[in-house]
Structure formats: C-alpha cells, structure tokens
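Subject: Handing over a structure

Hello,

Here is the structure I promised to pass on to you. Have a look at it first, and then read on for what turned up.

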Amino acid sequence: MAELLRVTGVKKSFAGVQALKGVSLAIAPGEIHCLAGENGCGKSTLIKIISGVYAPDEGKIEFGGQAFSKIAPIDAIRHGIQVIYQDFSIFPNLSVMENLAFNTELAAGRKIVNWKRLRTIAEHAISRINFQVDLDAPLGSLSVAEKQMVAISRALLSDARLIIMDEPTTALTRKEVLALFKVILDLKKEDIATLFVSHKLDEVFEISERFTILRSGERVATGSTKDLDKKKFTFYMTGREFEDSQFEPKNIGEKPTLEVKNLTLPGAFEDVSFELRRGEIVGVTGLLDSGRTELALSLFGLLKPEKGEVLKDGRRLALTSPADAIRAGIGYVPEDRLSEGLFLPRSIADNIIVGEIDRLSGAAGVINRSKRAAEIEKWVKELAIATPNPDNACQTLSGGNQQRVVLAKWLACDLDVLILNGPTMGVDIGSKHDIHKILKSLAEAGMAVLIISDDLPEVIENCSRVLVMKRGRIVEKLEARGATEEMISAVMM
Amino acid sequence: MVKKLSRRNETYITLVALALCAVIQIRSGQFFTPNNLVDLASALIVPGLFAIGAFMVIISGGIDVSFPALASLSVYATTKFLLNINYQGGILVPILIALALGAILGAVNGFLISWFSLPALIVTLGTASVFKGVMQGALNSTQLAVIPPGMDAFGKSALFVAQNAESGLTSRMPVAALFLIATLLLAYLVLRYTMYGRGLYAIGGNEISAYRAGFSVKWIKFLLYVAVGMIASLAGLVRVCMMGQCHPTNMLGMEMMIIAGVVLGGTAITGGAGSLTGCMLGTILIVIVQNSMILLGIPTFWQGFAVGLLIIIGTGVSAMQVSRAGAHRAAKGAPQVSRTAKGVPQ
C-alpha cells in the first residue's frame, strides 16, 4: 500500500540556527509511529513542517505519493493530517459541543450558528471513539484526559488519516494513558495512523510499531520498535551512555535533621511520622490522591496541618509561610516548575538569586553587583545550565534546564533540607540523569533530600529509603536497596 | 434549578438590585412610583448602549477605554456640522453621520489593535487622548447650547409619559429607549446565532486556538472595534439629543463606571465569559445607585463611594465563588484544577 506520508531530506533553519539538517520520515496507513528525541532536537519543527505551519528550506513532502515542496496548513488538513497540540487548541470558556463543532462549521464557511446542527456534529464526533461526555458542560470543567479526547474527536471529524499527538501523555495518569492507547489502537483498525511524539521510553515500547529518533536536527535512528531496547533508546536520544546505579548514602547524620510527628491535615493526610537525616535521600511515593503533594506543601509552609509537629534539629518549627521554611533551611522545588517555581519572563540570573537577595544586598538594600555576578556564574557553571547568557529570559530554556534553574535557586539559599516534588516530570532522559546526579552529590555534601515522585524506577534508584503513601497515610517504609517496582505498586494501589 | 441559579452571577446581582430597591422604597416611599421608574429607565439608555459595546470588547479579551472620547468627538463633530449648514431635517441624517464617524474612529482602534497586535488598553488609552485632542484642539470645541431642531425634537419625543399620582410629577420615556432595545436585541442575536459572535467568545477564550480553528481573528477584532465605535457614537448622539445641548466633555470619564457595571454583571475581565443579561443587570445596578441615593437623603458625593463598594463586593463574591469551586474540584483529586485555583491561568 502507498505510504500515507513521506518526508525526504527536509532542512530548516531559523536565524542561522539549523533546526533540521535533512530529516526523512515515512508513515504507512494505520501505522503507530513514535517520534522521539530530547527537547530542542527538532521534533516540533518537523511536525510544524508536516502540518504546513513552516515551509521547509529544502526537501520535499509527499501525501499519498503526491509530492509538494511547500504546503499550507489547509493542504495538510485536506490530506487528512491533524495535529493535536499540547494545549489541545481548545476554548475553555465554551461548551464541549462548540469546541467539537467549530472547526467543521468554519471549514464549511458557515456564518450562522444552528445549535441543532452543532449538537449533531458533536454527537457524531464523540461517538467515533465512544467517548461519554456532557456536551453542554463548559470545556474548562473537564479533566486533562477528557480535553484530550475532545481534541481527538474533533480531529476525526475532518477525515483524519494521520493524527499527530504532541507529547499527549505528559499530564495524564497511568489509567488515562491506557485509555488513550486503546483509542489509538481503535483508530488503527480504521487505518488511521498516529504519529506519537514522546520522550518517555516505556510509552514508546508500549504503543508504537515503528520509531524515529531525532537528535540535534538529525535522524539518528528509525526502524521497528521490536529491535529497540532501553539502552539503545537512551543512547540514540542523548548520544551518551548511562550507568544505572543504586544510590549508596554516605555520611548519614547521627541525629535526624527533620522530624515529622503525627502530622495531620484532614482530607489530605493523617498521622504522618518520619525522620530525615543529613546525607539521605528519602522518596515519598503514592498515587495522585495519596496526599504526597499536600505533605510536601505542608513541610514548606504552604498548607497548615491541623495536628502534629515538625522539628528541625530538635527544635519545633512553626511553619506558616514559605519564608518560615526557608529561614529554617528547608527548600521546595515544585511539581510544576512552569507555574510555581520560576519567573519565566525574567532572566535566568534573576531567577537564580531571587531567594538570596537579602544576602547579596548591602546596608541600604542595594544589590552588590559583583557579588551577584559571582553567584550567578558559580551556579550556571556548577549545574551546567546550557545558556549563552544568563541574562536571557528563563522561558528560553528547555524543560530540563529550567528545572536546573529552580535547583540553583534553592541551592543558592544554603539549605539543609531540600524537598523535590516530581523532580524530573516532563524532563528528557539526559537531563533526568543529570538532575539525579546533582541530587546524589547534594546528599553526599550533607544535605537531607526528600523526593516526592510517582516515577518508581526514579525513586528506587535514587533514594536510600522509600515511604509509600496511600489515602493519606504512610502504609509502608522500606529500604530502596532490594525494593522492586512490583513491591511498591502492590502496597500503593 | 435553585442550585443552578445559585451558581449564576446574574442571580446575585438581581437579588442585590432588588434589595437596594426595597431599601430605597422603605426609606423614601418614592422608588416604586411610575415617574421614578421611567426616570431610571431613561437614565439607563446611554450607559446601557455604552455597556453593550464595552461588553463585546471585554468578551473578546480586549478592553476599550476610548469610547466616551470617541462618542464625544463624533457627536460633537456631527452637531457642529449640522449647525453650520443650518440643518432643519429629522433625526435620520444626524444618526447616519454619527454612525459613519463612529465607524471611522472605531476603525482606527481596530486597525491598531488587530493589524499591529498592540495591547488594546494602550491603544485605546492613546486614541482616547487623541480623540479628545482633536475635539478640543482641531475643532476648538465649546459648549453648544442649541442643537439642530430635529435632534432636539427627537430628544423630547416620548413613547409615553408617566405621572406620579401623589406629587403630580411627570416623566417621559424617550423614543431613544427603542435604540437601546434594538441594539440589545441585535447584539444578542449576533453573539448567540452567528459564527462572528461565537468567534468573539472563542477569541476571548483562547486566541491561538481560535486562529487554528479557522476564525479570521484579525477581521473579527477589526470589525468589533468598528461596531463598538458605532454603538458608542449612537449613545453619544442620544445623550446630546436628550440633554438638548452638546457639552463636549460631559461624557468623558464614564468609561470606568461602564466597565465596572459590565464586570459587576459577571463578565470575566480576562475575556470569554459573560452574558448580556448580566451586563445589563450590572449596568442597571450602577444606574440605580447613581440615581437613587438622593431619594435616600444621602449626599450625591457619596455616589462614587457607594459604586466603588458595590464593585468590590460584587467582584469579590464572584471571585470567592470561583476559588470555592476550584477548592471543591481539588478535593475531588484533580491536581491541575487546584493549581488554577491559586490564580495561575491554565
């Protein structure tokens, strides 16, 4: 059968930077193809070329054997290419029905709204993938997974033959990911192909038949997923080899530096007690509703527990705000670095020093410029933040580098305890390894580290002890050495 | 049903308005009299028209603070021109001239905002000053004590006259009230039953998505500011006719009160959400406060204080509802919502 899509030797550069250096890609009808690569490898550029948003500098694109050197978004849509963007391209303020039907109505050039017709279109759309939803509900009230289903249903309305999903699983729970995979497999039965963009290797193995891996604008590998293994995948993605090693704590403190006793926040967690010593990395894991995030927020003064106490080096803490926690030497790296951890439009430099401004300023509160510059240089170097200039805005960095800036911010504050919530969520493999290395060296330098994460391999490899939470209680405390994913998920569920 | 109503902003604002009416009635005995109600309705015409325009702009995620200046300029130019040529005809020609001028001035706003993607607030702050400058400088505006007879007659024409049985006071319901009703109806139909109107909501919800879906975002925004310029000019003309004279600076400064009314009626200042009903209720509430405090024996300089208080309470209640709804959903275990509740946009 003829190929649905073939891209040959596509090159594209922006302002002198070569984003794609002659990339080729072929997709057959009904194929599930995974496009992988680290942030900045050119995945998004390639998608935008396929969907007609960018014109390639060189190379050609073929839809069903018909060749084009340049296409407009409407050409791509006419040939059945549909992109589901990470933001789903939706209107949170409008009803599900309108979200589903607008594209069709606009494509038909309609000027008048016929609400009955909108409903028919919307009902037809969701029936394709057996998706149950209240069509009159405002879209903003839906969960992330439901919003994604709306976007998929909408894409199918325009006779899609290839659906491109840009990192579709980032914000989904495991159960929702499985539901998504089922939909993708159902579409396959109708000969609709899926190009699945991801950098999570377990997903690549689970769903895709074929894969293409990009690195720095070049295709480094393509083929059948059957021939791929974890080690090869990581190497193709990063160009580096990594040794997985179990964290071995050294210099564990004699006395606990942080003690949590019977901490209770009704509705979130109950009767939580544990201790944390210098040199240790302790992992807290559990399902989304296990109270793990609330626990972390409470230790940082963002939520107020009703009962129980927190002791730092034997002294009782009154944590009513993050300022109290920082004063006590406790830092927190949030789950969603984009909305909670960084001032994205501000410079990398400002983000690094924001927590220690007091220390850098003189008597009149004016910042000492040379001290500031020295401090910034130190951290950019120490954490290998990839930037030509620390005065660039933080949002110019990739996810992994942004996460490093958050880390730098807290390390600059001279902390004893560092709490990290999902430290590598949405971060690519290379950066993930780097962040793990940083955490391990921090612990070796005498810091007490608490990792909140549902990434079980991460917890097992990087922690010395693991606390498993379930419905607000710590149900199991175990040594990470010797623990397996099965053991932990058995108590977690 | 009750539950559904309790979640709507319109319900609260209606209750507040009714409570206020009741208080005024008890204190003065003069609120629910035919002439007072007609007076209120007639005082609502101009702010109501302005509010419809402001509402549509806010729905689209924009903001317009230039409409009083725009209306002042176009209606002053219209009146002055008609006086100069000694126009003796009816109201139709003044309306057409004012609408045309309004469309041109609105197009200036629309052009700058949609084609150059400049922030609407900055553009309209700038054009407001420019419009005012043109009126006061180039046209050398002064108060026009006499207006063309056609306009004057239109301002004095009444649909009906209401009389207070006790005091014998009478109030006219101006014919211009029909303009408000017609504009309201038209705006409702456009917003509800045209792709253009749904496009305004879509752009207010997510402009990039609107573009990707196939809405011609630039044209929709451009035409919006043209339409709003026309509505504002119409409002200005109605005001001059009803006053029987043209006072060029009389409308300036109304923008905050109007926008406040729209927001009070539950329209999201960030765009995308709100209803015309709410918009009108909010405006009515502001008009009642402005016009009825005298019946309570409260000095008029407390007006600003009372309106300000109303806005803080009104918007506060809806903000609290939103955060409570967010907390409720968060408790059900949807993490992305709990983040939104802290004020971070999705």
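What share of the contacts in chain A with a separation of 6 or more comes from residues 24 or more positions apart? The figure is 69%. Please keep in mind as you read that this is a predicted model.

Let me start with the overall picture. Chain A has 18 helices and 20 strands. Its radius of gyration is 25 Å, close to the 23 Å that the globule rule gives for 493 residues, so chain A is as compact as a globular protein of that length. As for burial, 46% of the 493 residues count as buried.

Next, the domains. Chain A is divided into domain 1, residues 5–238, and domain 2, residues 256–492. Taken over C-alpha atoms, the centres of domain 1 and domain 2 of chain A are separated by 34 Å. Where they meet, nine residues of domain 1 are in contact with eight residues of domain 2. On the domain 1 side of that meeting place, the residues divide into seven polar, one nonpolar and one charged.

Two elements are worth a visit on your screen.

The helix is α1 of chain A, which covers residues 43–50. Seven of its eight residues are buried, so α1 is largely enclosed by the rest of the structure. The buried residues are A:K43, A:S44, A:T45, A:L46, A:I47, A:I49 and A:I50. Just after α1(A) you will find A:G52, which takes a positive phi of about 85°.

The strand is β13 of chain A, residues 281–286, and six of its six residues are buried.

With β18(A), residues 448–452, the pairing is parallel and runs over four bridges. With β19(A), residues 465–470, the pairing is again parallel, over five bridges.

Enjoy exploring, and write back with any questions.

Best wishes

Notes
Residues numbered from 1 in each chain as written. Chains lettered and ligands numbered in written order. Predicted model: local features only at pLDDT ≥ 70, side-chain atom pairs only at ≥ 80, totals over all residues. Buried ≥ 20, exposed ≤ 12 C-beta atoms within 10 Å, placed from the backbone. Helix = DSSP H or I, 4+ residues; strand = E, 2+ residues; numbered from the N terminus. Rg over C-alpha atoms; globule rule 2.2 N^0.38 Å. Contact = placed C-beta atoms within 7 Å. Domains from an automatic or database assignment. Nonpolar A, V, L, I, M, F, W, Y, C, P; charged D, E, K, R; others polar. Pairing = 2+ DSSP bridges.
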